[in-house]
Number of protein chains: 2
Amino acid sequence: MINTIIRERLEKLRRRMESLGIDYYLIPTADYHNSEYVAPYFQTRHYFCGFSGSNGTLVVGMEEAGLWTDGRYFIQAEKELAGTGVDLYREMEEGVPTVSEWLADRMDENGRLGFDGGCLNVRQVRNLKKKLAHKKVCFVSQYDPAEEIWTDRPALPSHPAYVLGEEYSGESTGSKLTRLREKMSQAGAQVYVESKLDNLMWLFNLRGADVECTPVALAFGLVTMERQILFIQDSEVTGKVRAYADSVGLELQPYESVTAFLENPGLYREAAAAGGAVEADNARTDCRVLFDPGNLSIRLWKAVTRGREAAGIKAGTHYDIEKRSPVEDFKAAKNETELKNIRAAYRDDSAAVCRFLYWLHRHVENGTVDSLTEYTAAQKMDSLRTEIKDFVDLSFGTISAYGPNAAMMHYSAKKDDCARLRPQGMLLVDCGGQYLRGTTDVTRTMALGPVTENMRRHYTLTAVGNLQLMDAVFLYGCTGRNVDILARQPLWSTFVDYKCGTGHGIGYLLGVHEGPQNIRWRFAEGMAEAVLETGMIVSDEPGVYIEGEYGIRIETILEVVEAAKNGDGRFLRFSPLTLVPLDRALIDPAFLTPQTRGVLNSYHARVYAEIAPLLNEEERRWLRTQTDPI
Amino acid sequence: MINTIIRERLEKLRRRMESLGIDYYLIPTADYHNSEYVAPYFQTRHYFCGFSGSNGTLVVGMEEAGLWTDGRYFIQAEKELAGTGVDLYREMEEGVPTVSEWLADRMDENGRLGFDGGCLNVRQVRNLKKKLAHKKVCFVSQYDPAEEIWTDRPALPSHPAYVLGEEYSGESTGSKLTRLREKMSQAGAQVYVESKLDNLMWLFNLRGADVECTPVALAFGLVTMERQILFIQDSEVTGKVRAYADSVGLELQPYESVTAFLENPGLYREAAAAGGAVEADNARTDCRVLFDPGNLSIRLWKAVTRGREAAGIKAGTHYDIEKRSPVEDFKAAKNETELKNIRAAYRDDSAAVCRFLYWLHRHVENGTVDSLTEYTAAQKMDSLRTEIKDFVDLSFGTISAYGPNAAMMHYSAKKDDCARLRPQGMLLVDCGGQYLRGTTDVTRTMALGPVTENMRRHYTLTAVGNLQLMDAVFLYGCTGRNVDILARQPLWSTFVDYKCGTGHGIGYLLGVHEGPQNIRWRFAEGMAEAVLETGMIVSDEPGVYIEGEYGIRIETILEVVEAAKNGDGRFLRFSPLTLVPLDRALIDPAFLTPQTRGVLNSYHARVYAEIAPLLNEEERRWLRTQTDPI
């Protein structure tokens, strides 16, 4: 079964590459903002290979092509790439080359590598350059094949932006800018360039609707000691946004003008003077730019470099302050207002999930499970969520995966292409919402009838890992790397692993995946790692994925809170935000340790205490049975 | 109580500093080889401040002086520094400045910092330079105050070296050199300079007796593609060593000549030619030197730089291959011969410790505990160890610490200054031996009579941590950072921490502390971290230290072994080398989890099975009761 559509697209690309003298063309999953989820306009990689997952890099050569993706997508990618002639490379598996190793192996000396310079960040380009240095590879970064080949390419998204009030954000943009400028001063920078959408939305207390499930507006940003500028499409600026911008001194410039703006030498002369005036200690004759090389595109960085050179200001790596954006760290540790809102949002969201579970339970009891499909189950869940106060959007497309489909970590059921539920085995539902009061994410796996011994054993071991991490106490200074093994240990002890991180941060009415904190046992080059701070939010989601058989994931969102302070140090712990019971039908007490039994019972007691008041009588009765001590 | 002796020594140093125009003088704990334990000749820091611990940095200014040490020594240092006028700085505690922060805070612009360039490594000097750059501090690295002020300074040690046969080392020096040269080629280096004693001993299959408890000979080493040279005192070279050196092509040069040798331009011209001839791919007109900037002294590095400059070869950072020595990694993963020997040595060593515990037990039963002191108990342990086959030396001074003394992690009981044992509370004994069949290390804490509830609770939580780590299963790729929390979690859950790493590597008839692997939850700058490989050996030693009350440590040495390989990856686990029972009188079953109870019982079963045959009838009966299932 040849996939002729994809093959034709690749053929067109190769003909164009030939005429441009490009030997290999690299297409990441990226927009101009290093977003994790990208608008349809930017789904060039999907267009050229057919793989629809949220993470993947396509490299096309004249004879062969490869797609790199992570463990969440191995099963799905294999399915979607079938017949396209594109080979799947499983990232971080033993013996699998990285993209740069693969290219280094294949490219001739003085070969030419093409990519869209707006979609690769500075660090990625530097790494490629280093790895391909011995082949003296030449980079062609101005060509975007989607422009001509992808004839029905969707338009650049453009939806009205809106202001997030301080009753939600908890801090004015003025206060945030003051904190940012302090960090700029400490780092000796006079200019801060930002292209990451969630950082910009957070900093300016704005939101948008340009990326599905992620309430951001396409934008770039620039902050000096005196000015703050947002580059945003005119069509997105409502009267309210303009009035707000005026009131907080935020300059609005057209989205398209950012490159020209950054190339303007006047900007750096002015910023250097302003920076010197504000902070006498940091007075310099040069103008240092703070940016995150892991986010800023090579295109914008080149514009900055050209601008400074034109200004007669020394430029180059030595004059940049390259580091993670201070905004990234500010944003990750939620403030008291945000936390109050988030806790309330999670209660409401958890109640909706409980209602869904009860609805499913009724179908199981009434023997009508097979009237449902993965898709209709997801629809039910989504409709319950949309009823919640302050609902804005889903935080990602609901994953409703039955049986073997759940072994694909990010499976997506389609109306006309999905499994019918049956009164046996397990259904995995991973879903979340965007609310004015925060962003949620939760996964529960439920029995729909009889299950095998292995399913119960694996569910219980997953639950033990989930509960062990939830129960962790750790010294301040720990990162997610230190605690990851608490979630994996029950599975590792039986020689089972899940091929992904254990947990990710979550934004506030922003990305459902947010850094810099995360919970992983190892880090690929350039991956963010951060000390766990109070107010940070992380997911706790171990799982078991048996290809062709079943998938299990239990995801509970945790808040980092203070535990104790004494002569031995400052101890932190987690407090669960998600309040949805685990499925007792899937718990085999033989594999449940007494410690985790205790943690489970007190978690369930808390679930009942906080969620029962939000349910109706029959839902409440059901929740009672689900949360009784085991 | 003023310590006049120390104050007078510091006064002499300050007068000398004044005449040399030195504002601050820094004395690390170091010899010319970055050894952890240093010969008496190098104990300058101890001489000038009175602190006798194995790790500490003294900085002397005109008005004040500070001593930095780690958590193992906080209590001891406080005691020993009393009355000296030297302030204690507790490393890694919140709010405590590092040496360089402290200096940066105090030093004037263009100030002068003195140190002995033979005793600070390249990385340390660079870090100091970076941290003090804004003060434009000038470094004076040629002055060693011990030379003139320490009038009764011990002589440089000089004891006969000896050859370690292949029945012990398991690999010829020729084979080791071949592996080393492969790594040099891969790194593009033509010269390898080594000053770390255990690396040199391992590489050339030699041992010595220049450092107490560490069977090494003072030496420097140099390897090119054609030559291998050892710089060693003539007085240490026996006829056997000379004959062996001849037979393996090892050139011997005088220890004192190393600097002059490295300054000789001919060396680099010759090495460049040889390197080019051997590996055509790496033929270069320059001569690259592989060295570990964390080990090589700034004095030797300067000699290398001078030598290459004189040879007209480009020099400087760009032309060095700075990385951890390949020997460090080779040495850490023991070969099959070494492992066979080590396992046997640990069995014999464990039997001696069991005999000691039985002897102690008889004293408890007979009510004669108070006839013993910490010192006589240590003597008993040491005498049992010296009887073991192939015994060479202790691997460190036996720690025998009763009651509150055990709260000092590295307490040292002296014959005339030690505690008498009493029939209550706990005795901690940490000890080990050097054998031709390997190096051992073990700690057990025993009840001598009634103990408090807290002691039992803390002992049990320590045991649970010890057993959880021993029982760990982990994917290949994990470092000690990933698994550390398994040992700490029971203590952290009750807001208790021990202020040190959980585990260290151990040499083969070499250092009792050896890298690059270790088990820690956080890493100071420059600390080694390495993936756990099969054949590596690490200690597992959680503890509880309550100042003024008691100390608990349980240390079991573990070997890294294969566990399973399947589609989810390659799993490793630990296998205990130390086979000595824990003290059941100190275990409170209320705090023992069923999992760890199982691990404990199977560990005890193995202890009995392997050690009982090495004991006499009454010792065996006692071991039976100690290892019965709990």
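By what turn and what shift along the axis can chain B be laid on chain A? A turn of 180 degrees and a shift of 0.1 Å along the axis do it, with an RMSD of 0.0 Å; the copies are superposed by least squares on the C-alpha atoms of residues with pLDDT of at least 70 in both. That is the relation of a two-fold axis. To find the axis from chain B, select B:N482: its C-alpha is the one nearest the axis in that chain, 2.8 Å from it.

Some housekeeping before we move on. This is a predicted model, where local features need pLDDT of at least 70, side-chain atom pairs count only at pLDDT 80 or more, and totals for chains, interfaces and linings use all residues. Residues are numbered from 1 along each chain as its sequence is written, while chains are lettered from A and ligands numbered from 1 in the order in which they are written.

**Stop 1: where the chains meet**

Show both chains and look at the contact between them. It takes 26 residues from chain B and 26 residues from chain A, two residues being in contact if their C-beta atoms, placed from the backbone, lie within 7 Å. On the chain B side, colour β21 (473–475), α18 (480–492), β27 (556–566), β28 (569–576) and α19 (594–611), the elements that give two or more residues each. Helices (H or I, at least four residues) and strands (E, at least two) are DSSP runs, numbered from the N terminus.

Which element of chain B gives the largest share of that side? It's α18(B), with 7 residues. By class, the chain B side has 14 nonpolar, 7 polar and 5 charged residues. Here Ala, Val, Leu, Ile, Met, Phe, Trp, Tyr, Cys and Pro count as nonpolar, Asp, Glu, Lys and Arg as charged, and the others, Gly among them, as polar. The copies meet through the same surface, because 100% of the interface residues of chain B are also interface residues in chain A.

**Stop 2: a helix pair in chain A**

Now select residues 453–470 and 480–492 of chain A, which are helices α17 and α18. Their axes come within 7 Å and cross at roughly 160 degrees. Axes are lines fitted to C-alpha atoms, for helices over the stretch in contact, and angles run from 0 to 180 degrees between N-to-C directions. So α17(A) and α18(A) are roughly antiparallel to each other, the word for angles over 145 degrees.

**Stop 3: a helix pair in chain B**

Hop over to chain B and pick α19(B) together with helix α20 (residues 617–627). These axes come within 9 Å and cross at roughly 165 degrees, so α19(B) and α20(B) are also roughly antiparallel to each other. α19(B) passes α20(B) in a left-handed crossing. To see what touches, select B:H604, B:A605, B:V607, B:Y608 and B:I611 of α19(B), then B:L623, B:R624 and B:T627 of α20(B). That contact has 5 nonpolar, 2 polar and 1 charged residues.

**Stop 4**

Most residues other than glycine have a negative phi, and most peptide bonds are trans. With that in mind, zoom in on A:L509, in the loop between β22 (503–505) and β23 of chain A. A:L509 is not a glycine, yet has a positive phi of about 50 degrees.

Next, go to A:P516 in strand β23 (residues 514–519) of chain A. The peptide bond from A:G515 to A:P516 is cis, with omega near 0 degrees. In chain B, the bond from B:G515 to B:P516 is cis too, with omega near 0 degrees, and B:P516 lies in strand β23 of chain B.

Key. Angles under 35 degrees count as roughly parallel, over 145 as roughly antiparallel, 65 to 115 as roughly perpendicular and the rest as oblique. A crossing is left-handed if the near helix is turned anticlockwise from the far one by less than a right angle, and right-handed if clockwise.
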